Amino acid sequence: MSTDPAYTLYHPRWYRRRVSVWWWLRKRSYAWFVLRELTSVFVAFFAVILLSQVRAVGAGPEAYGGFLARLGTPLLLAVDAVAFLLVLVHAITWFNLTPKAMVVRLGGKRMPDWAILGSNYAAWVVLSAVVAFVLLRA
Amino acid sequence: MPSTIALSVTRYRPEQESEPTIQTYDIPYRDDWVVLDALNHVKDRLDGSLSYRWSCRMGVCGSCGMKVNGSPKLTCATFLSDCLPGPVRVEPLDYFPIVRDLVVDLSDFVRKLGRVKPWLIPDGEPPGEGEYLQTPDQLDAYKQYSMCINCMLCYSACPIYGLEPHFIGPAAIALAQRYNMDSRDKGAAERLEILSGPDGIWQCTFVGECTKVCPKHVDPAGAIQQYKLTAATHWVKSLILPRGTR
C-alpha cells in the first residue's frame, strides 16, 4: 500500500452520518412499515385474550361468566375495537406481501402475483365463513 | 417552462469543513437534461471542484447513484423535468461514509459481496466438450437477479442497513440468490452459513423499499423473503431428517 502522504492525507476524514431515531418519519412508506410492525403488539393482545378465555372456560361456568362480564366493559370494548382494526391492517398488509415471498411455479411458469394474492384472500374468506358458521349456528 | 433551475448540492470538503454543507447553483433548465447533466454542467462551467461519480450515462454502470429530492436515484435516469419547479436537492447516498461531496465509500458492500461467494461453484468436473447447457426456464430462475448493477440505491433505501451496519444487505443477498438459483451452481450450502447467519436474511424486516428504488427491477426484497423460506425449510429438515438424506 502506498505511504505517499499526498495521497493519504485526507483519506481518514470520512464523514459518517448517524441515523436519527426519527428516521421512520422521513417517508410515508417508512412510517407505514413501522405501523405494520407495531400492529403485531395487537395480534399478541388478541392471543392473550384468547388464552385467558380458554383458561376461564377450564375454570368453570362462574369464572367464564366473570370473564365475559370483564370483556363487556366499555374500556375493553373500545380497546378491542382498536385492536381489531389494527389486526386487520396486520393481516391485509402481510397478505399483500405474500407474492414477494412465495414463488409458485406451475408447469414451469411462475404464477402471477394476483393468483397468489387471490388464493390467500379466498382461503381467508372461506375460513372466516366456517368460523362464522360454527359460532352463529346456535 | 423555466429558463433556469436551482440545484442544491451537498458539499463536503474534508480539508475545509468538518461536516457537509449545501451549495446551490443556478443552472439552465432543459427538459431533455437529467440530474447528471446538470451536475456535469456545474462541474464544467461553474465549479470544477464538485466531486461525484458517473460513467456510462445510460443506467448500466451503476456509478451515479445519489439521493435526488430525498429518494435514492440513478442521476442519469432522473429528469430535471420531473423535479420542477425545483430546487433539485442532490445528496450522497445514505448510510455510507462520505469521502467528498457526493462521493461515498462503498468498501463495506464490496467486502460483504465477497462473503456471499458471488461466483459459480460447480460440482465436480466441467462438461468435457462444449459449454454447460441451460433451458430458458433455468435461465429465467435467476436472470432477474443477474440484472443488478451494484448501484447501492437499495442500501441507501434500507433503514435496517442504517441501523444494523453488519447486515449483509439487499444487493449482496440478491446476488447470492442469483448464483443459488443457477442450475450450473452447487454452492448453495456454502452460502447458507453466511446468508442465514446473524448478519444475513433474518436482519431483514421486509420494509420493501429496496425493491421500490431498484432501477433494474431486481427485487432484492423478494429474493430475501424467498431465501428465508429456503433457510427455514433447511433448518426444519436438519432437525427431523437423518444427516445423509438432507
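## Domains, chain contact and backbone features

In this predicted model, the C-alpha centres of domain 1 and domain 2 of chain B are separated by 31 Å. Domain 1 of chain B spans 4-104 and domain 2 of chain B spans 107-245, with bounds that come from an automatic or database domain assignment. Fifteen residues of domain 1 of chain B and 13 residues of domain 2 of chain B take part in the contact between these domains; two residues are in contact if their C-beta atoms, placed from the backbone, lie within 7 Å.

On the side of domain 1 of chain B that touches domain 2 of chain B, strand 3 (65-68) and strand 4 of chain B each supply at least two residues. Strand 4 of chain B gives the most to that side, with four residues. By class, this side of domain 1 of chain B has eight nonpolar, four polar and three charged residues. Here Ala, Val, Leu, Ile, Met, Phe, Trp, Tyr, Cys and Pro count as nonpolar, Asp, Glu, Lys and Arg as charged, and the others, Gly among them, as polar. Helices (H or I, at least four residues) and strands (E, at least two) are DSSP runs, numbered from the N terminus.

The contact between the chains takes 16 residues from chain A and 22 residues from chain B. Helix 2 (28-58) and helix 4 (74-101) of chain A each supply at least two residues of the side of chain A that touches chain B. Helix 2 of chain A gives the most to that side, with four residues. The classes on this side of chain A are 10 nonpolar, two polar and four charged residues.

| Residues joined | Omega |
|---|---|
| Leu84(B) and Pro85(B) | about 0 degrees |
| Gly86(B) and Pro87(B) | about 0 degrees |

Pro85(B) is in the loop between strand 4 (71-74) and strand 5 (88-91) of chain B, and Pro87(B) is likewise in the loop between strand 4 and strand 5 of chain B.

Tyr95(B), which is not a glycine, has a positive phi of about 75 degrees. Tyr95(B) lies in the loop between strand 5 and strand 6 (98-100) of chain B. This residue counts as buried because Tyr95(B) has 22 C-beta neighbours inside 10 Å; the term requires 20 or more other C-beta atoms within 10 Å of a residue's own, with exposed meaning 12 or fewer and partly exposed in between, and with C-beta atoms placed from the backbone. Phe206(B), also a residue other than glycine, has a positive phi near 60 degrees. Its place is the loop between helix 7 (188-195) and helix 8 (209-213) of chain B. Phe206(B) is buried, with 21 other C-beta atoms within 10 Å.

Residues are numbered from 1 along each chain as its sequence is written, while chains are lettered from A and ligands numbered from 1 in the order in which they are written. Because this is a predicted model, local features need pLDDT of at least 70 and side-chain atom pairs count only at pLDDT 80 or more, whereas totals for chains, interfaces and linings use all residues.
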